[in-house]
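Dear colleague,

Please find below the structure that I am handing over to you. My notes on it follow directly after.

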Amino acid sequence: MVVALTPGHQIAAIVSSFVVSFWNSFSGFLISWPLIQVWWRWYYWASPVAWTINGAIASQVADKTSPLEIPGRDPMPVNEFLKENFGFDHDFRVPVVFALLGWVFLFFFVFAYGIKFLNFVFANGKSIEVMDMLKI
């Protein structure tokens with residue numbers, strides 16, 4: 001998608017490295033959602049990486065009720081620990097699926113728009129139409 005929105009793959013690599021860095025920073029993997037500052041929590045919900053991690057953990061281990069022993073605390077079920085400390089809930093799987101499908105469709109439509117309507121003119125005066133490059 002970023003390649004379709006930028007004039008070349010070099011610039012797309014630079015832009016996507018910044019985007020992916022922010023997505024990974026606010027995905028809930030390095031800092032869990034309850035520990036993220038209140039004014040940055042919107043970015044957690046705007047990160048497709050956060051939705052992916054939430055869906056993977058919620059579908060795999062958030063339904064376990066076996067006791068988890070935590071030093072200095074009473075044992076608690078795994079599902080309560082994940083919900084209390086990380087915000088992962090097994091019942092939240094359906095919204096996660098819809099959010100991930102929404103991200104896929106958003107990326108698809110932005111890519112299609114970029115391919116269809118954007119062309120870039122370079123210094124030598126030639127413009128490169130992406131659709132011309134795809135013709136064989």
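A residue is called buried under 20% relative accessible area, exposed over 50%, and partly exposed in between, with a 1.4 Å probe and protein chains only. This is a predicted model, in which local features need pLDDT of at least 70 and side-chain atom pairs count only at pLDDT 80 or more, while totals for chains, interfaces and linings use all residues. Residues are numbered from 1 along each chain as its sequence is written, and side-chain values use heavy atoms, with hydrogens and water left out.

Aromatic residues

Rings of Phe, Tyr and Trp (its six-membered ring) pair if their centres lie within 6.5 Å; planes under 30 degrees apart are stacked, over 60 edge-to-face, and the rest tilted. The count on this basis is 20 aromatic pairs. One of them is the stacked pair of F22 and F26, with 6.5 Å from centre to centre and 0° between the planes. F22 is partly exposed at 42% relative accessibility, whereas F26 is buried at 15%. Y44 and W45 form an edge-to-face pair, because their ring centres are 5.0 Å apart and their planes stand at 85°. Y44 is buried, with a relative accessible area of 3%, and W45 is partly exposed, at 35%. A single aromatic cluster is made up of F22, F26, W40, W42 and Y43.

S27 lies in the loop between α2 (9-25) and α3 (41-45); helices are DSSP runs (H or I, at least four residues), numbered from the N terminus. S27 is buried, with a relative accessible area of 2%. Its side chain reaches the backbone oxygen of N24 at 3.1 Å, and a polar atom of that side chain lies 3.4 Å from the backbone nitrogen of F29. Apart from neighbours within four places in sequence, S27 is in contact (heavy atoms within 4.5 Å) with Y44, S47, V49, A50 and I53.

Annotated regions

The unreviewed UniProt entry annotates residues 12-36 and 92-115 as "transmembrane region"; such annotations may be inferred rather than shown by experiment. Residues 12-36 are 56% helix and 0% strand, with the end C-alpha atoms 29 Å apart. For residues 92-115 the values are 96% helix and 0% strand, with the end C-alpha atoms 35 Å apart.

Yours sincerely

Note on methods:
Helix = DSSP H or I, 4+ residues; strand = E, 2+ residues; numbered from the N terminus. Polar contact = N/O pair within 3.5 Å; in protein donor to acceptor, adjacent residues only side chain to side chain.
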